[in-house]
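Please report on the chains, helices and pockets of the model shown here.

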Amino acid sequence: MASAAAKAPSRSEVFSLFRSLLRTARDFSDYNMREYMKRRTIDAFRSNGGLSDPQSVSAAYADGKLQLEVAKRQAIVYSLYAPKVKSVMELKRLKSSFLFME
Amino acid sequence: MAMRAAILRHIKVPVRSQALAGLRSREWNLSGGALVRFMSSHDEHLTKEEVMERVLSVVKSFPKVDPSTVTPDVHFQKDLGLDSLDNVEIVMALEEEFKLEIPDLEADKIDSTRLAIEYIYNHPMAG
């Protein structure tokens, strides 16, 4: 833990964490969770973009790593309670057939 | 007239079940089509034009991008004024559009629409 906090992550490690978080966001079965996690990830990386002090960079990185583990677990838990119907936001392609049925 | 009515009464067809059967057979056809599509990986390769069109539409729909500035050869950061995080986001959006998983090393190199189109067009699994 102490060694992890001392060393600031490289640029590619940060991008890799960003990608992993966005990929994990896709794994949620629930539309709202999927979109929330994507938004949350992007907002967090943006708000921490100005960090320059190595200490706070590595702290933010370590926090991101922890959040990634949490998200991976939660994606599995959510998949056990997946919504039976899709969100209306996911039905882009079906819209025309719905109109047809009316 | 009376006979016609009598005959009609006898040959009445249950419309509901017919319609349902029609629906069901269509569903079956659809899933059959999906199955065939799933098994084929090489016969229906995307054309360059299709790849280009879909890449451009993904980039244009990115919130920070002015759609009128997007051409088949723009650099995401130099020409569209995006930053490195936006770049990653666009590549991730392209992955979703073409149902790909681009490895980090490759994804880092994709920094313009030209490279994105080239990479996806040469990818055997792009769909």
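What percentage of the 127 residues of chain B count as buried? The share is 31%. Buried means under 20% relative accessible area, exposed over 50%, and partly exposed in between, with a 1.4 Å probe and protein chains only.

This is a predicted model, in which local features need pLDDT of at least 70, side-chain atom pairs count only at pLDDT 80 or more, and totals for chains, interfaces and linings use all residues. Residues are numbered from 1 along each chain as its sequence is written, chains are lettered from A and ligands numbered from 1 in the order in which they are written, and side-chain values use heavy atoms, with hydrogens and water left out.

## The two chains

Chain B has 6 helices and 0 strands. Its elements run α-α-α-α-α-α from the N terminus on. Chain A has 5 helices and 0 strands, in the order α-α-α-α-α from the N terminus on. Helices (H or I, at least four residues) and strands (E, at least two) are DSSP runs, numbered from the N terminus.

Of the 102 residues in chain A, 25% are buried. Chain A exposes about 7,500 Å², with 59% of it supplied by carbon and sulfur atoms. Chain B exposes about 8,700 Å², and carbon and sulfur atoms supply 60% of that. These accessible areas come from the Shrake-Rupley method with a 1.4 Å probe; for residues, only the protein chains shown count as cover.

Contact means heavy atoms within 4.5 Å. Take the contacts with a separation of 6 or more in chain A: residues 24 or more positions apart account for 72% of them. In chain B, the corresponding share is 56%.

## Helix H3 of chain A

H3(A) has 17 residues. From its first C-alpha to its last it reaches 24 Å, close to the 24 Å expected at 1.5 Å a residue. The expected span is 1.5 Å times one less than the number of residues.

Which residues of H3(A) are buried? They are A:Tyr31, A:Met33, A:Arg34, A:Met37, A:Thr41, A:Ile42 and A:Phe45. An α-helix has 3.6 residues a turn, so residues three or four places apart point the same way. The cover over the buried residues of H3(A) includes H2 and H4 of chain A together with H4 of chain B.

A:Thr24 sits in helix H2 of chain A. Is A:Thr24 buried or exposed? A:Thr24 is buried, because its relative accessible area is 4%. Beyond its neighbours within four places in sequence, A:Thr24 is in contact with A:Met37, A:Leu68, A:Ala71 and A:Lys72. Of these, A:Met37 is one of the buried residues of H3(A).

A:Leu80 is found in helix H4 of chain A. A:Leu80 is exposed, because its relative accessible area is 62%. A:Leu80 and A:Ser29 are 51 residues apart along the chain, and their C-alpha atoms are separated by 9.1 Å.

B:Ser84 belongs to helix H4 of chain B. Leaving aside neighbours within four places in sequence, B:Ser84 is in contact with A:Arg11, A:Phe15 and B:Gln77. B:Ser84 and B:Asp111 are 27 residues apart in sequence and 9.0 Å apart in space, C-alpha to C-alpha.

Rolling a probe the size of a water molecule over the atoms shows where empty space is left. On a 1 Å grid over the protein atoms alone, a pocket is an open set of points where a 1.4 Å probe fits, with protein on both sides within 12 Å along at least five of seven lines; lining residues have an atom within 4 Å of a point. Grid points are joined across faces, edges and corners, and a volume is the space filled by probe spheres set on the points.

| Pocket | Volume | Lining | Top contributor |
|---|---|---|---|
| Largest pocket | about 1,600 Å³ | 31 residues | H3(A), 6 residues |
| Second largest pocket | about 830 Å³ | 30 residues | H4(A), 9 residues |

Nearest the centre of the largest pocket lie A:Glu35, A:Lys38, A:Lys92, B:Glu96 and B:Glu97. Two or more residues of its lining come from each of helix H2 (11-26) and helix H3 (31-47) of chain A, and helix H3 (48-60) and helix H4 (84-98) of chain B. By class, the lining of the largest pocket has 14 nonpolar, 3 polar and 14 charged residues. Here Ala, Val, Leu, Ile, Met, Phe, Trp, Tyr, Cys and Pro count as nonpolar, Asp, Glu, Lys and Arg as charged, and the others, Gly among them, as polar.

The residues closest to the centre of the second largest pocket are A:Leu17, A:Thr41, A:Ala44, A:Phe45 and A:Asn48. Its lining takes two or more residues from each of H2, H3 and helix H4 (54-80) of chain A, and from H4 of chain B. That lining divides into 18 nonpolar, 7 polar and 5 charged residues.
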